[in-house]
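Hello,

Here is the structure I promised to pass on. Please open it before reading further; my notes follow below.

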Amino acid sequence: FQALRETDPEIADVVVDELQRLRGGVQLIASENFTSPAVLAALGSTLTNKYAEGYPGRRYYGGCREVDRAEELGIERAKALFGAEHANLQPHSGASANLAAYAALLMPGDTVLAMELPHGGHLTHGSKVNFSGKWFNTVGYPVSKEDELIDYDEVRDLALTHRPKMIICGATAYPRLIDFARFRQIADEVGAYLMVDAAHFIGLVAGRAIPSPVPHADVVCFTTHKVLRGPRGGMILCKESLAQRIDKAVFPFTQGGPLMHVVAAKAVALKEAAQPAFADYARQVVANARELAAGLAAEGMRPVSGGTDTHLALIDLRGLGITGREAEERCDANGITLNKNAIPYDPEKPMTASGIRVGTPSVTTQGMREPEMREIASLIGAALRGEKVADRVTELVTRFPAYPVPLTAAP
Ligand code: PLP
């Protein structure tokens, strides 16, 4: 860090200020976490210099002996942790992993059935502004109006009507468990591939806190930086029979050289996620999300679907008469970071939204538990009523510091 400070004080200031921001507030973005110092060390290493197009033992560049070891370790760890037949650690992001899955299994124009964006799906699940919606014929399934859960009979009806070549399950804002076996049945009935986009919840799978999609899916794509607590990036697991197609779809079809510092950092995160302490962490993430959702309900907000089984809760604010955007702003002004979010059948536009999404990966990494979740719910309630709670937020996070190291050694 000293080298950065001397060479580029402006960027050094950005790094320190961001660390201060992280430490100074409550971070409730469901897709974020605090990676460990070990992961940060791998990311900040000279592995970033290495070109390594190809795969371990089959590279297009010399000098790959060392980085091969990192990627091989990562692949073995991923296969062991998730019980997968094949793992690819090279996707630069979750969107890149999904693009590679489409490329491996489909041709442009093929039909894909996935959750509708306003109901919790991701842009790569068929949005018109994304490659998925432009190059593929995507059909969306909603959640039920009554209970806000996936209606598997409706998914089956849509599959029988549209005969998709691939069905996607997994979402960005669905707080409940997904019945992967049921999706497998539906996919088999229409002869479709089943792709699970496990970006949000794969860390809970790693910690054995929720059921795994791996035995049911043809391909599982995910990000490594959410509950899993790794570096920013993507990963793909698949059956051995699809291994070559997936590998070729990542490189050379959709990517060039892998980011070997990130691949190594993914390997580190996988090692950490295999430790018993990570299972405790994953269980606590879910317990905290449940407590937070219940606490917000006690403050007059409505958890979509009545609660959560995962690391996130989607909260309908219409009972309070404020929008998601207003809530995001009021929380932000008090040091609470969360995001506005559309709720199913939302009457508001996405940039306004009727809801917020809250997640517990970061606060759980800080060591917070149920009593702190009740406190956070009460702080959010007060902030939304227009009260000033920044001092109470500071007092809370001072008791649970993120990255408790001196600033001179800023991660
Ligand atoms: N898939 C899902 C379900 C996601 O929630 C996200 C990101 O939040 C992605 C894919 C894309 O990941 P990335 O932002 O790394 O491209």
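Two residues count as in contact here if their C-beta atoms, placed from the backbone, lie within 7 Å. Keep in mind that this is a predicted model. Take the contacts between residues at least 6 apart in sequence: 72% of them join residues at least 24 apart.

Overall build. The protein has 16 helices and 15 strands. Along the principal axes, the C-alpha atoms fill a box of roughly 60 × 60 × 35 Å. Of the 411 residues, 52% are buried.

Annotation. An unreviewed UniProt entry labels residues 4-380 "domain: Serine hydroxymethyltransferase-like".

The ligand. What surrounds it? The shell holds 15 residues. Ser93, Gly94, Ala95, Thr172 and Ala199 are the closest. Which helix gives the most to this shell? Helix H5, which spans residues 94-105, does, with three residues. By class, eleven residues of the shell are polar, three are nonpolar and one is charged.

When you open the file, I would start with the ligand shell and helix H5, then go on to the annotated residues 4-380.

Best wishes

Key:
Residues are numbered from 1 along each chain as its sequence is written. This is a predicted model: local features need pLDDT of at least 70, side-chain atom pairs count only at pLDDT 80 or more; totals for chains, interfaces and linings use all residues. Helices (H or I, at least four residues) and strands (E, at least two) are DSSP runs, numbered from the N terminus. A residue is buried if 20 or more other C-beta atoms lie within 10 Å of its own, exposed if 12 or fewer, and partly exposed in between; C-beta atoms are placed from the backbone. UniProt positions are given in the numbering used here, feature names are shortened, and annotations may be inferred rather than shown by experiment. A residue is near a molecule or strand if its C-beta atom, placed from the backbone, lies within 6 Å of it. Ala, Val, Leu, Ile, Met, Phe, Trp, Tyr, Cys and Pro count as nonpolar, Asp, Glu, Lys and Arg as charged, and the others, Gly among them, as polar.
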